[in-house]
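User: I am new to this structure and would like a close look at a single part. Could you walk me through the disulfide bonding, and then show me what else holds or lines up around there?

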Amino acid sequence: MVAGMWAGAVAAVVLTAGGGATGDGADCREVRERARFAPPTAFIPSPAVTYDMGLVPAGAWIEVAQHTGEGGTTVKLRVKGLKPGHAYGAHVHRKRCGADPEAAGGHYQHRVDPVQPSKNPAYLNPRNEVWLDFTAKADGTGSARAHHRWGFRPGEAASVVLHREQGAGDRLACFTVPFKP
């Protein structure tokens, strides 16, 4: 049993360490990161943290890709191993993940609401934020895509949070992603 746990932990580290790819083009920026979810107390930490093992089990997989070019920014999300049929909310957040679900801060907003936490629909909407809501299929997979004509400000987009409900709700899991401006 210990050998199996060790092998799983090593696989998570290998997937995490080898998951990133960035483009070097001056007019195009790309990021692709993938990892397996682990609890915040895992012996070997993961950039993908689950806070609710019923809806985002340890070992479930996530991949986030960003492409920014002349036409704007596209963010894509793919997941495997989640609860089939569940409707998840997912958004880009401002800070990195941590042991506390609130560590990721609020949603990244193109036009920042001067009142935080943001509750104003003029700011809190899929045109001003990156919403990646999806429903997990019968096999536990899911995907989403969002495109905006704007890009991220340097250092202000750092993770994707999975929420209990589409639109928002409790934070189920978080994945730290090195988004590019």
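Analyst: A search of the whole structure, which is a predicted model, finds one disulfide, a term used here for a pair of cysteine sulfur atoms within 2.5 Å. In general, a disulfide is a covalent bond between the sulfur atoms of two cysteines. Here C97 is joined to C174, with 2.0 Å from S to S. C97 lies in the loop between β5 (87-93) and β6 (134-135), while C174 belongs to strand β9 (residues 168-176), so the bond ties together parts that are 77 residues apart in sequence. Strands, by the way, are DSSP runs of E with at least two residues, numbered from the N terminus. The torsion about the S-S bond is about -80°, so this disulfide is left-handed.

Both ends can be checked for burial, where buried means under 20% relative accessible area, exposed over 50%, and partly exposed in between, using a 1.4 Å probe and protein chains only. C97 is buried at 17% relative accessible area, and C174 counts as buried at 1%.

A few notes on reading these values: residues are numbered from 1 along each chain as its sequence is written, and side-chain values use heavy atoms, with hydrogens and water left out. Local features need pLDDT of at least 70 and side-chain atom pairs count only at pLDDT 80 or more, whereas totals for chains, interfaces and linings use all residues.

Now for the aromatic rings. The whole structure holds five aromatic pairs; rings of Phe, Tyr and Trp (its six-membered ring) pair if their centres lie within 6.5 Å, and planes under 30 degrees apart count as stacked, over 60 as edge-to-face and the rest as tilted. One of them is Y88 with F134, whose centres are 5.1 Å apart and whose planes meet at 15°, so the pair is stacked. Y88 sits in strand β5 and F134 in strand β6, so this pair ties together parts that are 46 residues apart in sequence. Y88 and F134 are both buried.

Another pair, Y108 and F152, is edge-to-face, with 5.0 Å centre to centre and 85° between the planes. Y108 lies in the loop between β5 and β6, and F152 in the loop between β7 and β8 (159-165), 44 residues apart. Y108 and F152 are buried too. Ring pairs also link Y108, W150, F152 and F179 into a cluster.

Notes
Helix = DSSP H or I, 4+ residues; strand = E, 2+ residues; numbered from the N terminus.
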